[in-house]
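Colleague: Thanks for sitting down with me. Could you put the model up so that we can go through it together?

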Amino acid sequence: MQYSRMISFCVMKLLCQTTRNESRYAKRFCGTLLSQTVQKGVFPPFWMAVPDPRKTNVLVFTQPFCTAEKSRKDPKRKAAFGSVGRRIPYRILHVINQDGESLGDMHRAEALRLMDEHDLKLVLLRENAEPPVYRLMTGQQIHEEKLKRAEKEKASSKTVLVQKELSFSSAIAKNDLETKIKQITHWIEKKYHVKVTIRQAKDSNTDTFTLFDQILETMSDKATYLSKPKAIKEGTSMCILRHISDKELKAHQKMEKQKNSTVKKDENEEPKSRGMYPLRREAKLLLGR
């Protein structure tokens with residue numbers, strides 16, 4: 001029993017000595033590692049003795065930690081555009097004024113002085129440059145730039161519609177053309193972009209552009225041209241059809257309504273004009289007598 005206590009005491013003493021050595025080495029090199037932001041410094045894990053008044057010494061395992069800046073090494077993280085205030089981690093900066101003119105490289109203290117002197121804000125433009133590029137901007141300029149970036153991001157985040165393709169010859173039979181039109185209509189209803197390619201057959205007198213108009217006419221309330229028919233090479237023409245928008249559909253329906261009313265009006269006026277011819281003949285006969 002006495003020997004086991006002695007062994008435990010010796011082990012604890014050795015552990016305490018090891019802990020003190022680790023602490024001394026850590027203090028010696030801590031300042032150097034923390035000052036080096038480029039070099040990644042990691043402290044190794046070690047055991048540390050923690051005194052407990054109720055019990056004997058307790059051993060605690062300390063986790064390793066890193067002094068490198070994770071945010072700077074993370075390529076997926078993107079800093080938000082805006083004023084950085086006075087928190088500038090770099091000593092030397094490349095500064096651009098509010099008019100877009102380069103002021104060259106300068107110390108961050110000089111950049112902050114210019115910011116305070118002209119009542120402007122510092123905005124980080126390119127962090128990966130050497131040295132990092134900052135720009136002096138007004139609040140209005142920052143707001144406008146945020147709106148531009150938001151619109152650009154919104155436009156780039158739009159899903160690209162899948163494009164379907166269909167090709168056939170100008171000598172296509174009537175029933176085969178109807179089948180092709182049904183397939184195009186099915187894709188258009190699913191809001192796909194449909195690329196239609198027509199090859200001019202040697203033994204056919206049908207114009208490819210006439211076929212394009214014929215296809216569009218059968219689905220004028222569902223589709224319109226995204227790219228109008230054009231010749232891509234000798235004897236081959238193509239167009240791209242897309243789904244018609246609600247606004248375009250309303251305009252199309254209004255145009256069709258006006259067209260139908262004009263046709264009906266012409267049809268009603270035609271019988272009246274025909275009925276006037278006999279009256280004119282009778283009048284001429286009476287005058288002749």
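Colleague: Which residues gather in a patch of negative charge on the surface?

Modeller: First, a word on the source: this is a predicted model, where local features need pLDDT of at least 70, side-chain atom pairs count only at pLDDT 80 or more, and totals for chains, interfaces and linings use all residues. Residues are numbered from 1 along each chain as its sequence is written, and side-chain values use heavy atoms, with hydrogens and water left out. A patch is built from residues with over 30% relative accessible area and no salt bridge, like charges being joined within 9 Å; Asp and Glu count as negative, with the charge placed at CG of Asp or CD of Glu. The residues that gather in this negative patch are Asp 207, Asp 213, Glu 217 and Glu 256.

Colleague: Where does Glu 256 lie, and what does its relative accessibility count as?

Modeller: Helices here are DSSP runs of H or I with at least four residues, strands are runs of E with at least two, and both are numbered from the N terminus. Glu 256 lies in helix H7, residues 246–288. Buried means under 20% relative accessible area, exposed over 50%, and partly exposed in between, with a 1.4 Å probe and protein chains only. At 30%, Glu 256 counts as partly exposed.

Colleague: How many salt bridges does the structure hold?

Modeller: A salt bridge needs a side-chain nitrogen of Lys or Arg within 4 Å of a carboxyl oxygen of Asp or Glu. One of them pairs Glu 248 with Arg 242, with the closest N and O atoms 2.7 Å apart. The structure holds six.

Colleague: What separates Glu 117 and Arg 113 in helix H3?

Modeller: These two form a salt bridge, with 2.6 Å between the closest N and O atoms. Arg 113 is partly exposed, because its relative accessibility is 41%. Glu 117 and Arg 113 are four residues apart in helix H3, so what separates them is about one helical turn.

Colleague: How many residues apart in sequence are the parts that Glu 189 and Lys 222 tie together?

Modeller: Glu 189 forms a salt bridge with Lys 222, and their closest N and O atoms are 2.8 Å apart. Glu 189 lies in helix H5 and Lys 222 in the loop between helix H6 (208–218) and strand S9 (223–233), so the pair ties together parts that are 33 residues apart in sequence.

Colleague: Is Thr 236 buried or exposed?

Modeller: Thr 236 is found in strand S10, residues 236–243. Leaving aside neighbours within four places in sequence, its contacts (heavy atoms within 4.5 Å) are Thr 197, Ile 198, Arg 199, Lys 230 and Ala 231. With a relative accessibility of 10%, Thr 236 counts as buried.

Colleague: What is the phi of Asp 119?

Modeller: Asp 119 sits in the loop between helix H3 (108–117) and S5. It counts as exposed, because its relative accessibility is 69%. Although Asp 119 is not a glycine, its phi is positive, about 55°.

Colleague: Which peptide bond is cis, with omega near 0°?

Modeller: Look at the loop between strand S5 (121–126) and strand S6 (133–137), where Pro 131 is found. The cis bond there runs from Glu 130 to Pro 131.

Technical notes:
Patch = residues over 30% accessible without salt bridge, like charges linked within 9 Å, V, L, I, M, F, W, Y side chains within 5 Å. Areas by Shrake-Rupley, 256 points an atom, 1.4 Å probe, with all protein chains shown as cover.
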